[in-house]
Amino acid sequence: MRSTAAAWLERHQVGVYLAAIAAGLAAGWWVPGAGALEAAITPVLGLLLFATFLAVPFTAIGRAFADLRFLATVLVLNFVLVPVVVLLLSRFVAGEEALLLGVLLVLLTPCVDYVIVFCGLAGGAADRLLAAAPLLMLAQMLLLPAWLWAFAGAGTVGLVEPAPFAEAFVVLILLPLAAAAAVQWAAPRAAAARAVESSTAAAMVPLMAATLFTVIASQVRGVGEQLGALAAVVPLYAAFLVLMVPIGLLTARAARLDVRSSRALVFTGATRNSLVVLPLALALPEALALTPLVVVTQTLVELVGMIVLVRLVPRLLPERARDAAPGRPAPDGSRRR
């Protein structure tokens, strides 16, 4: 049974996340040395993803992986429709190599980590996005060089090191997924595993808040100090979010997806892989030192946008009576009562 504190946090989670964003902005700007929190991003995000994976029964993931229509629609949205949008938006900064490369790196790579969390908060099919994550990661690793060559030129491709992609896949996907699978397997047999399950479920909202705080506090000063140079990309990132919501809705309708899958599709189209591609940007030559901040700026814009979408998407895609019937899976993978 959930504690009163956990239940309160879940009811007021959007307010908690907004408070975490505000606290991150304040700490990052006013507290000396807050940038050192950058080293904590990967561990905190890994814990958040472990909690997310643990909340989704692995039997549900197996069923989701067999949903070929959803998987095909996700791939079409992210690797056919999104590049068209990115090509159009990126032309506004085509004359600035550092800005262009940052915009392309982050907008051409669909998110495989905290999108699952936000999708679940909005009542979307988090299990289906979780099943799609390895495909999305593999596809973007293979296609990103081709997109960079087409949109920025052959010379740009050679500047990007692929190793951080592989490292992020292992640390942020495979390890948390394996740990969650081990706990789920052991839970019926061991009290300790059941205790991990219950405590992790109660910690979901605090972990999300900690992730938001850590990312923003560690990055906001760098962005603020270069705000004049970065101002051109902020409206592009906002426009991307605004455009991808109706594109996701129309794509879901064309594919005849159910409500939960449609919500998931909107989130995967709108949410980008900023925390995974940031190491790629950090490995660039000194002449492109602004590119990592271009990536980070997208993170800050997107996090605010995700808070909005958690409330907006369920209103755009309300559940029908049959979708909310007793016994159907809830957004977190549990059974409705």
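Modeller: Here is a short tour of the charged pairs, then the cysteines. Bear in mind that this is a predicted model, where local features need pLDDT of at least 70, side-chain atom pairs count only at pLDDT 80 or more, and totals for chains, interfaces and linings use all residues. Residues are numbered from 1 along each chain as its sequence is written, and side-chain values use heavy atoms, with hydrogens and water left out.

Colleague: How many salt bridges are there by your rule?

Modeller: The rule asks for a side-chain nitrogen of Lys or Arg within 4 Å of a carboxyl oxygen of Asp or Glu. That gives three salt bridges here. Take Asp67 and Arg128, whose side chains meet at 3.0 Å, N to O. They sit 61 residues apart: Asp67 is in the loop between helix H4 (58–65) and helix H5 (68–90), while Arg128 belongs to helix H8 (residues 126–152). Helices here are DSSP runs of H or I, at least four residues, numbered from the N terminus.

Colleague: Which residue pairs with Arg260?

Modeller: That's Asp127, with the closest N and O atoms 3.9 Å apart. Since Arg260 lies in helix H15 (residues 259–270) and Asp127 in helix H8, this pair ties together parts that are 133 residues apart in sequence. Both ends are buried: Arg260 has a relative accessible area of 11%, and Asp127 comes in at 12%.

Colleague: And where do Glu225 and Arg221 lie?

Modeller: Both are in helix H12 (residues 204–225), four residues apart, or about one turn of the helix. Glu225 is exposed at 52%, and Arg221 is partly exposed at 35%.

Colleague: On to the cysteines. How many disulfides does the search find?

Modeller: A disulfide is a covalent bond between the sulfur atoms of two cysteines. The cut-off used is a pair of cysteine sulfur atoms within 2.5 Å. Searching the whole structure turns up zero. Cys111 is in no disulfide, and its nearest cysteine sulfur, in Cys119, is 11 Å away.

Note on methods. Helix = DSSP H or I, 4+ residues; strand = E, 2+ residues; numbered from the N terminus. Buried < 20%, exposed > 50% of the residue type's maximum accessible area, 1.4 Å probe, protein only.
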